[in-house]
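Here is a short briefing on a protein structure. Keep the model open beside the text and find each residue as you read.

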Amino acid sequence: MHIFKLIHYCLILLIAGFCSCGIKKNNEAEPQTTVKIYDNESYTDSYEPVDLTQTTDKGFLILAERRDYQSDFPRVTILKTDEYGIFNSENKLPDDFVNPVGKLIKTPAGYYFFCMNRLTLQSKLILVTEEGTFTEVTELPLTYPLAAAWDQGSGQLMLLSYDREEKEMVISILNPAGQSRSQQRFEIGFGDFDAEASIIKHFAGTGPRLPFFCGTNGEGLYFFNGYYRYALSLVLYKAGTGIPQTVIYGYRDERSINSAIAWDNNFAFSKSEYGSMYFIPNWENSAGLLSGSDIKGYPIPEIKENSPVTVTKIPVNNTEYVVYGTSTRNGQIGLYFYTGSDKRLAGNHYLGFTNPYEINALTATSDGGIAIAGQTWIAGRFSRICLFKLSKDDLSDIIH
Amino acid sequence: MRRQCVCFLLLLLTCIAHNSFAQRVQKRATSPSGLNDFLDKQLFIGIRGGMTLAKALPTERYSVFSSTTGNSSRYDKNYHNFSSPGPVAGIDITYKYLGLSVSLQPNYRRYRFIYENDYVWRDSTGEWSLELNYRQGNHLDYIEIPVFVRYEFLQGALKPFIQAGLTYGYLFSAGKSVYISGQDAASGGQSFDAAPVSENARELFIKSQLGYAAGAGLSWDIGNIRLVFDVVYRRNTHIITNREQRFTHNRLAGSGDAMDDIKLRSFTFSIGCLFPTRFLNAQYYKTSK
């Protein structure tokens, strides 16, 4: 009888031990995955993020466009959140500051971005603090800012802009004070297709939003996606030469590269051909003039027509993956993870439900996860900023 | 998962040990002189069923929505407490000694609770607006193993009693149904209802639930069976929301839903029918004092 009693009490103690361990772990747990939608109760306001970056306090800065029914150009706003995506502050720039362009560039001195003076159409360089407050650094004599990037190698800012007088795409290398270090100009060309009209419609929001971007591989090779000789093209050139080393031609604004990152002499990019999307996770740069249609890619029919694509490289479990983020036809954000080496699709993941969701920016986080800033339409009608954060464990589960 | 399997195995062994222990203290009375001693002890086995009314007590509130105007309380959920009955069914193993009993009552039970969110969007003039109501029905299905100590006040056929005990619950299923309705004053003032969405929500809650309970009831010996009516109030001791998984359910999070940290409170109303397992011989046929 004593043995039975002993077994009985031991088992009860063991069960209690098992249960209490799991419960204690849950009580102390904090979610590493989060979803947030930033709402302001307004019927007429709409928001669309441009870029996001993680701050040193693990929170996020989100650069966004803000519109109401009376806006002509989109105005500029900066959101600051904590590490769980909980809203901290919103700083609205004056109404004459319009058209913010990505990227929101993280530098040792702070966070920079460019926007446009609504009256002069010239570019403004803005410095943002960790808390999301801003200072105008300078206004530059460069009209129509289109895209910006950070040149890690030289510690300079890159700005792609459009010179309407000369009909040229302009790449300017600037120091963080906004002083020009060098400049390269590329003619947009003339022909039966009016490239300038396409750019103006992009700015005014009356035409398709075009995939302008610029960047560098960090080893002296610069690139931009913009109009070059009649077509929306990806142009690669060496600093100082002013002559393109490689051009991947598109066709008008109907066929083009629409996202790219570079490392060494390799690129990962996506291309859009008459509404269809293709991923090219690893392409080795070969100098010369090429047509985008000659570069083979993986067709992804589930992607919404003319949807913007963001591409970046992210380490997961000590392996680098090329990650594409885009918007699917059924209103979700689609993430596609490719191995850079053998171009294999290692996993994909979809975010969002009920309301439509679209992606605008994606960044790696300090804890090994990723954060995604996008746009959702609450109740199918109110355009708001959303933030997804996926943890390192989430990424490990996605990749197989 | 492995931990839960081990837990169940241990619980099973505990029940076996408990029953074995109970069987070993049985004594067969063989003469009228031992009648009183014999009737002081009894092992009842039976079934019980009933309903439970639950309350979800939020200890910390969360939302997918984050207000940029400082009006975050707008997203707090409005809970409907003790309003949705859920079924309870199980077995009852009660060992009685004099007026005291120890009762093991493994059961299946469903806790149900409802919460609502109301959202309003207006333009600056107040002329255009959209009002939305999200009504979320939640149900949690547990296999629960409570152990009660019961004290009966009186002797005779009708015996009121009080009881208190500890409970362990294992969540094996959970679900949510979302009903969306609203009033669209901007498009002409029509009210509307969207088709409900039902989702498996098991990942949103932790598997184990520990708690304590207290209640009162009445037992009624009719012939050779005992009927038991009781009401028990239960409190779980910890948060049952899976805090790590709060935002991982894509379909629910995508529609704007995130669980608060909640604890459960509930009333259970049940009826049991118990059968004694120890009998005197036919001449002194009796089972209980």
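With 21 C-beta neighbours inside 10 Å, A:Thr354 counts as buried, because the cut-off is 20 or more. A:Thr354 also has a positive phi of about 70 degrees, although this residue is not a glycine. Its place is the loop between β26 (345-351) and β27 (357-364) of chain A. Keep in mind that this is a predicted model.

- A:Asn318 is another residue other than glycine with a positive phi, here near 70 degrees.
- A:Asn318 sits in the loop between β23 (310-316) and β24 (319-327) of chain A.
- A cis peptide bond links A:Gly102 to A:Lys103, with omega about 15 degrees.
- A:Lys103 belongs to strand β6 (residues 97-107) of chain A.

**The two chains in outline**

- Chain A contains 3 helices and 29 strands.
- The radius of gyration of chain A is 23 Å, close to the 21 Å that the globule rule gives for 400 residues, so chain A is as compact as a globular protein of that length.
- Along the principal axes, the C-alpha atoms of chain A fill a box of roughly 100 × 45 × 40 Å.
- Of the 400 residues in chain A, 47% are buried.
- Take the contacts in chain A between residues at least 6 apart in sequence: 46% of them join residues at least 24 apart.
- Chain B contains 3 helices and 13 strands.
- Of the 289 residues in chain B, 36% are buried.
- For chain B, residues 24 or more positions apart account for 71% of the contacts with a separation of 6 or more.

**The nonpolar core**

- The largest nonpolar core has 140 residues.
- Which residues have the most contacts inside this core? They are A:Phe113 and A:Ala148.
- A:Ala148 touches A:Phe113 itself, and its other contacts include A:Val101, A:Ile105, A:Phe114, A:Leu157 and A:Leu159, leaving aside residues up to four places away in sequence.
- A:Gly102 and A:Lys103 are also among the residues that A:Ala148 touches, and these two are joined by the cis peptide bond.

- Strand β4 (residues 75-81) of chain A is mostly covered: 7 of its 7 residues are buried.
- In a regular strand, side chains alternate between the two faces of the sheet.
- Both faces of β4(A) are covered. On one side, A:Arg75, A:Thr77, A:Leu79 and A:Thr81 are buried.
- β4(A) pairs with strand β3 (residues 60-67) of chain A in the antiparallel sense, over 7 bridges. A:Phe60 has A:Thr81 in β4(A) as its bridge partner.
- β4(A) also runs antiparallel to strand β5 (residues 87-92) of chain A, and 5 bridges join them. There, A:Leu79 stands opposite A:Glu90.
- β4(A) and β5(A) form a hairpin with 5 residues between the strands, where A:Gly85 takes a positive phi near 85 degrees.

**An open sheet in chain A**

- What is the order of the 5 strands in this open sheet? The order is β14-β15-β16-β17-β21 in chain A, and the pairing is mixed.
- The edge strands are β14 (213-216) and β21 (288-291) of chain A, and each pairs on one side only.
- From one strand to the next, the twist averages 15 degrees.
- Strand β17 (residues 244-249) of chain A pairs with β21(A) in the parallel sense, over 4 bridges. A:Val247 stands opposite A:Leu289 in β21(A).

**Strand β8 of chain B and its partners**

- Strand β7 (residues 129-152) and strand β8 (residues 158-184) of chain B run antiparallel, joined by 23 bridges. B:Leu130 stands opposite B:Asp184 in β8(B).
- β7(B) and β8(B) form a hairpin with 5 residues between them. In the turn, B:Gly156 has a positive phi of about 120 degrees.
- Strand β11 (residues 208-222) of chain B pairs antiparallel with β8(B) over 13 bridges. B:Pro160 stands opposite B:Leu218 in β11(B).
- β8(B) also pairs antiparallel with strand β9 (residues 190-193) of chain B over 4 bridges. Here B:Asp184 stands opposite B:Gln190.

Note on methods
Residues numbered from 1 in each chain as written. Chains lettered and ligands numbered in written order. Predicted model: local features only at pLDDT ≥ 70, side-chain atom pairs only at ≥ 80, totals over all residues. Pairing = 2+ DSSP bridges. Helix = DSSP H or I, 4+ residues; strand = E, 2+ residues; numbered from the N terminus. Axes fitted to C-alpha atoms, helices over the stretch in contact; angles between N-to-C directions. Buried ≥ 20, exposed ≤ 12 C-beta atoms within 10 Å, placed from the backbone. Core = buried A, V, L, I, M, F, W, Y, C linked by C-beta atoms within 7 Å. Contact = placed C-beta atoms within 7 Å. Rg over C-alpha atoms; globule rule 2.2 N^0.38 Å.
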